Amino acid sequence: MSNLSNLHLRLNLESLNSTTEEIYLNLGRSFPELFKELDLGFQESAKLVSRVAGDSEASETGDGRVVVADAVAEAKEVVGEVSLFFSSQEERDKLFLESVGRGTDSLTSLQGRIAGIRDDSVDMQMISLNAMIAAREAGKEGLGFAAIAEELGSISTRAAAHTKEVSSRGEKALGVLHALQEKLVRIRRFEETFYGEFQRKLDSGFQACNSGLNRMTDLLEGIIDEAKRIKKPLYRIMEEVQLQDIIKQSVMHVIVSLKEIDIDFETDSCDRYLDEMSFIEEISDLCVDVLDDIDAKIAGSLAVFKENLADLRHVMRNVEEERATFLRLVVDDGITEQSQDSLDQLFSHSAMVLQELVDDIQRCTEDKRTIKEDGTLLIEELTALELTIQESLEVVKHFFYVKVLSGVEIATQTALSGHGRTIQQMARLTGRMDEDMRESLDMLNVATRQTIRTLNTSSGEIAHETAVVEHMTDRIRESHERLTFSKNSLFELLQSFSVYSDRFAILLNDTESDLGRLSGTSQSIATIKERFRQLQMQARAKKEKRLREIGVESWNIGSDRLKKLIDQFTIYSHKKTAGTIGGFEVGTEGSHEGELTLF
């Protein structure tokens, strides 16, 4: 092997040194970045946990999104205010309903009296018919009574028509009152439902949302805790990277040794020639042993790297599987039986309950808004009924005149003397109709005044209540929209959630690529070792040839040169190897294997 080959070998060693140094330095630079990205991922994940958990300090983010827990709490607060407001109106609505109920009872009773008046008017028509018959039977003496009977029939017909109209008006007014009463009962039922079942359903929905959020928080924290396990294999790999200093020193030991030998050494001194060839043999053994040590260290590092990278990838796969499971629990995919327990479903249920509340409140408000219109219509009907009764009362007054005229005629006409009973019946019916009419009118006056007072009072309160409820409805609608928006925003974040960033994955892939390059150094080391063995065989052959020429069987050299060489070594194990090869003891100077020094 020529000195040119020696130079080529030195270049291979320097290439090995620069390659391993580049790889290890790349790894050394990558790991701080890996840990930085990892910590950033943990910080972002912690912020996400805070948002899901409803941490007040994290309730607002730079993009204006709101924590869902805050939206739930706000919606619950608004609904609570609505509940208190309706509760404060409960007693008034109850009194209003009772007042309308009393009005309904009064009108129902009035209808009974009107029915009696209608029956009396029919009876009066029968009396007028009997009077007509009696007048005909009296002949000429009955002519005056016939005229009176005819007038009685006309008045009876008019009275019957008026009482029919009164009855119709009463039924119409009663129908309006019944409709108003049904509307108030519907409002009352809504209020009672809201205070009871609806409120419980809403509270249950909000509680389910909060429980879902707590569950999501626990799952997120579990994923993050699992993700943090990745640090241990990363630390172990990073520790192994620090072997580069020892590898560099070891390669430099080989290079230093290589500089000391010259396979083409020429001299006139046989002893010096044999010493040089023997020295080359020993140096070759030393360099191969050092290269074996370098190869073993790199192989050991690779084993540690592969093992910990496998652990690292295993942790990452577990985290990704847990993340996928987490997302299935967050978003309703409509596939699994657990879909109804997903956070999406829980929030959708609460949002649906809120929307139902808005719809019911709007119906209730619309009913209350039309109460004034119904009241106005009722007063109009009661007024018309009162006017009709007054007109009927005027008709009944004519019966009194007819009764007087009939009594005079019967008293003066002998032929009619047997019909005094007719006069009595007429007087009795006339008095009863007059009394019923007047009492009905009084009852109606009382009912009308009471209805007007109740409606006037309620109309003002309802107008105020409607304005308040509309404002609260707007707030509930805003809470519903806020809840939906916040849920959608949070779900968008959750679906893109990953503890490990894209840059972390890129850095990790680059690290694995460097480790792959490191495994290729083993072949380079094997090639260099083979060249040292060839160098050793060449030196041995030259030495043995010279020994045969001078007739000597063996040759021993002193250890001073080797001792001087290893004084440049910085690793104790390499010095000890040289001592073993050279047959001498070495001191403890130099770093022990595993210690790091700067060469």
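Which charged end sits over the ring of Tyr273? The charged end of Arg546 takes that place, 4.2 Å from the centre of the ring.

## Basis of the model

This is a predicted model, in which local features need pLDDT of at least 70 and side-chain atom pairs count only at pLDDT 80 or more, while totals for chains, interfaces and linings use all residues. Residues are numbered from 1 along each chain as its sequence is written, and side-chain values use heavy atoms, with hydrogens and water left out.

## Overall architecture

The secondary structure comes to 13 helices and zero strands, where helices (H or I, at least four residues) and strands (E, at least two) are DSSP runs numbered from the N terminus. Read along the sequence, the pattern is therefore written as α-α-α-α-α-α-α-α-α-α-α-α-α. Of the 599 residues in the protein, 46% are buried; buried means under 20% relative accessible area, exposed means over 50%, and partly exposed lies in between (1.4 Å probe, protein chains only).

## Aromatic rings and charges

Two aromatic pairs are present in the structure, a pair being rings of Phe, Tyr and Trp (its six-membered ring) whose centres lie within 6.5 Å, with planes under 30 degrees apart counted as stacked, over 60 as edge-to-face and the rest as tilted. One of them joins Tyr500 and Phe504, and because the planes stand at 20°, with the ring centres 5.4 Å apart, this pair is stacked. Tyr500 counts as buried at 10% relative accessibility, and Phe504 counts as buried at 0%.

Charges also sit over rings, a term that requires NZ of Lys or CZ of Arg to be within 6 Å of the ring centre and within 35 degrees of the ring normal. Besides the placement of Arg546 over Tyr273, Lys228 lies over the face of Phe42, at 5.7 Å from the ring centre.

## Salt bridges

A salt bridge is a side-chain nitrogen of Lys or Arg within 4 Å of a carboxyl oxygen of Asp or Glu, and by this rule the count comes to 23. In one of them the side chains of Lys248 and Glu21 meet at 3.3 Å, N to O. This pair links distant parts of the chain, with Lys248 in helix α5 (residues 244-259) and Glu21 in helix α1 (residues 3-53), 227 residues apart. Lys248 is partly exposed at 27% relative accessibility, and Glu21 is partly exposed at 23%.

The side chains of Arg113 and Glu439 meet in another salt bridge, at 2.5 Å from N to O. Because Arg113 lies in helix α2 and Glu439 in helix α9, the pair ties together parts that are 326 residues apart in sequence. Both partners have intermediate accessibility: Arg113 counts as partly exposed at 28%, and Glu439 as partly exposed at 27%. Glu226 forms a salt bridge with Arg229, the closest N and O atoms being 2.6 Å apart; here Glu226 is buried, with a relative accessible area of 15%, whereas Arg229 is partly exposed, with 44%. Salt bridges that share partners also join Glu22, Asp514 and Arg517 into one network.

A search of the whole structure finds four cavities of 30 Å³ or more, a cavity being a set of points, on a 1 Å grid over the protein atoms alone, where a 1.4 Å probe fits but cannot get out. About 70 Å³ of space lies in the largest cavity, the volume being the space filled by probe spheres set on the grid points, which are joined across faces, edges and corners.

Lining residues have an atom within 4 Å of a point, and for the largest cavity they include Phe96, Leu177, Leu378, Gln450 and Thr454. The elements that give two or more residues to this lining are α2 (68-137), α3 (143-228) and α9. By class, the lining has six nonpolar, five polar and no charged residues, where Ala, Val, Leu, Ile, Met, Phe, Trp, Tyr, Cys and Pro count as nonpolar, Asp, Glu, Lys and Arg as charged, and the others, Gly among them, as polar.

## Positions across the chain

Asp474 has its place in helix α9 (residues 420-495) and is partly exposed, with a relative accessible area of 37%. The C-alpha atoms of Asp474 and Val358 are separated by 8.6 Å, although these residues are 116 residues apart along the chain.

Glu14 is found in helix α1 and counts as partly exposed at 36% relative accessibility. Between the C-alpha atoms of Glu14 and Val254, which are 240 residues apart along the chain, the separation is 9.9 Å.

Definitions and conventions: On a 1 Å grid over the protein atoms alone, a cavity is a set of points where a 1.4 Å probe fits but cannot get out, and a pocket is an open set with protein on both sides within 12 Å along at least five of seven lines; lining residues have an atom within 4 Å of a point.
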